[in-house]
Amino acid sequence: MRASIIGLATICGLTAGAAFLWPAGATEQPGQILPWQDAAVVAQGAAIYEAQCAACHGAELEGQPDWQVRRANGRLPAPPHDPTGHTWHHPDAQLIDITTRGTAAIVGGGYQSDMIGYGDILTEAEIIAVLSYIKSTWPPEVIAIHDEINARSVLR
């Protein structure tokens, strides 16, 4: 199991050290990198989210109003990270990649986004902590679906 997590971290350009954030005794799921059940990691992620993410994505993870409607400049507002958004539709590895490199780098083809890459601002562990905090706020049924998405991402 550890090898699959390290493999995903490597695919995302992360160091293998990122995989060692798992708390002792945690149950690893295929494709799952985020230690969302680790209270210390989640608390760290909440503080970083408040400082780095809440201005755009909302203090309650609610996103910006009309987040699915393009602005005059063609860019989409910041989406919510709560269950009403699409964050949980993406596997952990992709969420880490988007946060690290930014949306435009992931989408390519000249796509423009206000979402910058945080790879030069936050460490890998801090990015994982923020995403772990976000996941920790989802209801159990959304977490279960997200875990299935992670598992399917490993099988490809």
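**Close-up views of a predicted model**

View 1. Helices (H or I, at least four residues) and strands (E, at least two) are DSSP runs, numbered from the N terminus. The buried residues of H4 are Asp 92, Ala 93, Leu 95, Ile 96, Asp 97, Ile 98 and Thr 99, and the helix is followed by Gly 102, whose phi is positive, near 95°. This is a predicted model, in which local features need pLDDT of at least 70 and side-chain atom pairs count only at pLDDT 80 or more, whereas totals for chains, interfaces and linings use all residues. Residues are numbered from 1 along each chain as its sequence is written, and side-chain values use heavy atoms, with hydrogens and water left out.

**View 2. The largest nonpolar core.** A nonpolar core is a set of buried Ala, Val, Leu, Ile, Met, Phe, Trp, Tyr and Cys residues joined through side-chain atoms within 4.5 Å. Of the 24 residues in the largest one, Tyr 49, Ile 96, Leu 131 and Ile 134 touch the most other members. Two or more residues come from each of H2, helix H4 (92-101), H6 and helix H7 (140-155), and H6 gives the most, with six residues.

**View 3. The aromatic pair.** Rings of Phe, Tyr and Trp (its six-membered ring) pair if their centres lie within 6.5 Å, with planes under 30 degrees apart counted as stacked, over 60 as edge-to-face and the rest as tilted. By this rule there is one aromatic pair. The ring centres of Tyr 49 and Tyr 133 are 5.6 Å apart and their planes are at 50°, so the pair is tilted. This pair links distant parts of the chain, since Tyr 49 lies in helix H2 (residues 39-52) and Tyr 133 in helix H6 (residues 124-136), 84 residues apart. Both Tyr 49 and Tyr 133 are buried.

**View 4. Cys 53 and Cys 56.** A search of the whole structure finds zero disulfides, a disulfide being a pair of cysteine sulfur atoms within 2.5 Å. The sulfur of Cys 53 is 8.7 Å from the closest cysteine sulfur, in Cys 56, which is too far for a bond. Cys 53 counts as buried at 14% relative accessibility, whereas Cys 56, at 43%, counts as partly exposed.

Notes. Buried < 20%, exposed > 50% of the residue type's maximum accessible area, 1.4 Å probe, protein only.
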